[in-house]
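Subject: Structure handover

Hello,

Here is the structure for you to look through.

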Amino acid sequence: MQTPPPLSIPFNKPYVTGNELAYMEQVVRSGKLSGNGAFTRRCQEFFERRYGIKKCLLTASCTDALEMCAILAGVGAGDEVIVPGYTFVSTALAFVRQGAKVVFADSRADHPNIDVDALESLVTPRTKAVAFVHYAGAACDMDAVSRLAERYGIIVIEDAAQAVDSFYVGAANVAPRPLGSVGHLAAFSFHDTKNITCGEGGMLAVNDDRFIARSETVWEKGTNRADFFRGNVGKYGWVDTGSSFLPSEITAAFLWAQLERVNEIQTARKAAWEAYYEAFKPLADGGAFQIQTIPPYATNNAHTFYIVCNSQNERTGFIEYLKNNGIGAAFHYQSLHKSDYYRERHDGRELKNCDRYSDCLVRLPLYCGIGRKEVERVRDVATAYYQSVTKKVP
Ligand SMILES: *Cc1c(COP(=O)(O)O)cnc(C)c1O
C-alpha cells in the first residue's frame, strides 16, 4: 500500500510554547513525580482566580472530571440525567457508569448546543442533573438553564471541555461569566485537540459549597489524604468512594507552560477564526452551506471553525476533496442516541437537529500557528469544490 503524501495543512497541530520541557525537567529533578504537587496547585489556582471558580482539581482527563461530577452529584440507579445527543461519549458515559438513565436532548436548529426551549418537556420527577456542552466553546443560554434547574431542583453540570477562556453574556447589567463557573459543577479538557493542552488532562470545577469538601476525597481514591496533609486528622484512610483521578506532576508541569501563555494562544486562535469567518462568509451568504454562528449570549474562544453541509454525501465529498488537496478536515460526533451502545436504551424520540450535525457538520483546520495564507488556501479549495456541486457559487 502506498502511504498518502503528508497534508500540507493538517486538521490539528498541538501548540508547544517552549517552556514545557524545562518545567518537566524541574519536576524530574525535584524527585517528586506523583500528583498534587506545586505545579498541580499552580494550575488549579490559575483557574480558580482567572475564572472565579470556588474549587478546581486537576484530573487525568475531562472524562475523569465528568465522572467526578456524576459521583459528586450523587447520580445513581433510578435517576435520569439530561444530556445532549450531539456530544462526545464521555458526557453521557460518566452518568451511565453510575447506573443512571440518560435522556438525550436535541440541538438547536441554528447551533449544535442543546435547545434549551425544549428542555422542560424532558424533565421528570426522576431528573437529577442536566449536563450541557458549550459546543465549539460557545455558551449555552445559562440564565434559562439556571431558572429551570432552580424550579425543579436539578444539578447543572457544564461539560466545558471545549470552553476554556470563553464566557456567558447574560443580562446587560451583569458582567460576562466565565464558562465553567456557572453550573454547580463543570469539567474542562486539555486533550491535544483542545485550545490548551497537556496531551491528556482535565480539570474539575466546583462552584457549589455542598460539593467542595467531598471533591478532594473522591479525587484522592476515596481517602481523606488532603485533610491529613492540612493537619486536620492524625492519619488518613478510606472514607468514601472515589478513584485515582489526579495526574502526575509531569503532566501538570507541561500544562503550566501552556496556561502561562493562554492570552497569546487565544489571540492567535481568534485571529485564525476571524480570517476563516471573513473568507467563508460570502460562500455561506450565497447559500452554499450554513456557517458557524455565535449566539448573542456567548463569546467565541476560537476552539473550532466549522460549516454545516447540505447533506452527508456532500460532506463526504468535501472532506475527500480537501484531503486530495493536502488539507485535513474532520466531521464530529455521531448521534449518541443511535450509538451501538445506547440505541436500545434510548426512548425512541427522533433528534432531528442532532442527526443533521452528525451527518453534515465539518470542522476545518484551526490551530495556533495557522496563518491567513493557509486559511485562504482552504477557502479556495472549498470554493472549487462547491462550484462543482452547486450553482450557488459563481
Ligand atoms: C474532548 C471532549 C471530552 C473528553 O475530553 P477528554 O479530556 O479527552 O476526556 C468530553 N466532552 C467534550 C464535549 C469534548 O469535546
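The crossing of α3 and α4 is right-handed. Please keep in mind that the model is predicted. The axes of these two helices, α3 and α4, come within 8 Å and cross at roughly 35°. On the α3 side, T63, L66, E67 and A70 make the contact, and they meet S90, T91, A94 and F95 of α4. By class, that contact of α3 with α4 consists of 4 nonpolar, 3 polar and 1 charged residues.

The crossing in which α9 passes α12 is right-handed. From α9, the contact takes in A272, A275, Y276, E278, A279, F280 and L283, while α12 supplies R372, V375, V378, R379, A382 and T383. Sorted by class, the contact of α9 with α12 has 9 nonpolar residues, 1 polar and 3 charged.

Now the pockets and cavities.

The largest pocket has a volume of about 550 Å³. Its lining is made of 31 residues, and those nearest the centre of the pocket are F88, T193, K194, H332 and Y333. Two or more lining residues come from each of α3 (62-72), α4 (89-96) and β12 (361-364). The largest share belongs to α3, which gives 3 residues to the lining of this pocket. By class, the lining of the largest pocket divides into 11 nonpolar, 15 polar and 5 charged residues.

As for cavities, the structure holds 3 of 30 Å³ or more. The largest cavity has a volume of about 60 Å³. Which residues line the largest cavity? They are N12, K13, P14, Y15, D192, K194, N195, T197, I265, R269, Y367 and C368. The lining of the largest cavity has 5 nonpolar, 3 polar and 4 charged residues.

Regards

Conventions:
Residues are numbered from 1 along each chain as its sequence is written. This is a predicted model: local features need pLDDT of at least 70, side-chain atom pairs count only at pLDDT 80 or more; totals for chains, interfaces and linings use all residues. Side-chain values use heavy atoms; hydrogens and water are left out. A crossing is left-handed if the near helix is turned anticlockwise from the far one by less than a right angle, and right-handed if clockwise. Helices (H or I, at least four residues) and strands (E, at least two) are DSSP runs, numbered from the N terminus. Contact means heavy atoms within 4.5 Å. Ala, Val, Leu, Ile, Met, Phe, Trp, Tyr, Cys and Pro count as nonpolar, Asp, Glu, Lys and Arg as charged, and the others, Gly among them, as polar. On a 1 Å grid over the protein atoms alone, a cavity is a set of points where a 1.4 Å probe fits but cannot get out, and a pocket is an open set with protein on both sides within 12 Å along at least five of seven lines; lining residues have an atom within 4 Å of a point. Grid points are joined across faces, edges and corners, and a volume is the space filled by probe spheres set on the points. Axes are lines fitted to C-alpha atoms, for helices over the stretch in contact, and angles run from 0 to 180 degrees between N-to-C directions.
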